[in-house]
Structures are given as C-alpha cells and as structure tokens.
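Me: I have a model open and want to know what lies behind some of the terms used for it. Please take them in turn.

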Amino acid sequence: MSPKWITEAMAAGKACLSRAKRIKTPILIVQPEGDNVVSLPAQDLFNERCKSSRLLTIPHARHDVLIEADRYRDWALKHILNFYDHKYKFV
C-alpha cells in the first residue's frame, strides 16, 4: 500500500460516513470479528447511520473471510445469499 492509497482510503471512509444517512440501497456489511485490517468501530458507526444497511458479524473469522476456512466462508456465503434473496427486511 502506498501513502496515496492510504490517504485516498481514509478520505473515502470519511465520505461514506458523512453520506450514510442518505443511502437507500440495501447494504450488507460482512464483518469478520478478528479483522485487523478494517476498522470494526467505523463499520459499526456506518451501520448505525445507514438505515438500509445490515451487519453480518462472523465470529473468529479474519479479514479475507471468503478465502478463510470452509466453516467461515460457507457460513458467510449462506448469509450473503439469504440477504440477496430478500430474506432481510428493510424499514
């Protein structure tokens, strides 16, 4: 990662948080509990602000959940597919 990449990523994160209340598109935030790359508190804050988002926390999983152990990946994929099948209701 370059310094420019980090600067741009931080600016994008701030923009997302500032616009979260206006977002209407359903968003599923996949949050591995053991993620040490992405800020979990920032994801939690975005989820609180964005009424159309849902948080899927995956216990004990790490950052790259879709290339993790089968038990984490399979569990995550099941919930992701359920989300897209409209089993999650948005108010």
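Me: What share of the contacts with a separation of 6 or more joins residues 24 or more positions apart?
Reply: In this predicted model, such pairs account for 61% of the contacts with a separation of 6 or more. Contact here means heavy atoms within 4.5 Å.

Me: How do you know how far to trust the model?
Reply: pLDDT is the predictor's confidence on a scale from 0 to 100. The protein averages 88, and 95% of the residues score at least 70. By element, the mean is lowest in helix 3 (residues 70–84), at 90, and highest in helix 2 (residues 40–49), at 94.

Me: Why is the order of the elements written α-β-α-β-α?
Reply: Helices and strands are DSSP runs numbered from the N terminus. The protein has 3 helices and 2 strands, and from the N terminus on they run in that order.

Me: What makes a residue count as buried, and how many do?
Reply: A residue is buried when its relative accessible area is under 20%. Of the 91 residues, 25% count as buried.

Me: What makes up the lining of the largest pocket?
Reply: A lining residue has an atom within 4 Å of a pocket point, and 16 residues line this pocket. They divide into 12 nonpolar, 3 polar and 1 charged. Helix 1 gives the most, with 7 residues. Among those nearest the centre are Ala 9 and Gly 13; Ala counts as nonpolar, whereas Gly counts as polar. The space in the pocket is about 520 Å³.

Notes: Residues numbered from 1 in each chain as written. Predicted model: local features only at pLDDT ≥ 70, side-chain atom pairs only at ≥ 80, totals over all residues. Heavy atoms only, no water. Helix = DSSP H or I, 4+ residues; strand = E, 2+ residues; numbered from the N terminus. 1 Å grid on protein atoms, 1.4 Å probe; cavity = no way out; pocket = protein on both sides within 12 Å on 5 of 7 lines; lining within 4 Å. Points joined across faces, edges and corners; volume = space filled by probe spheres on them. Buried < 20%, exposed > 50% of the residue type's maximum accessible area, 1.4 Å probe, protein only.
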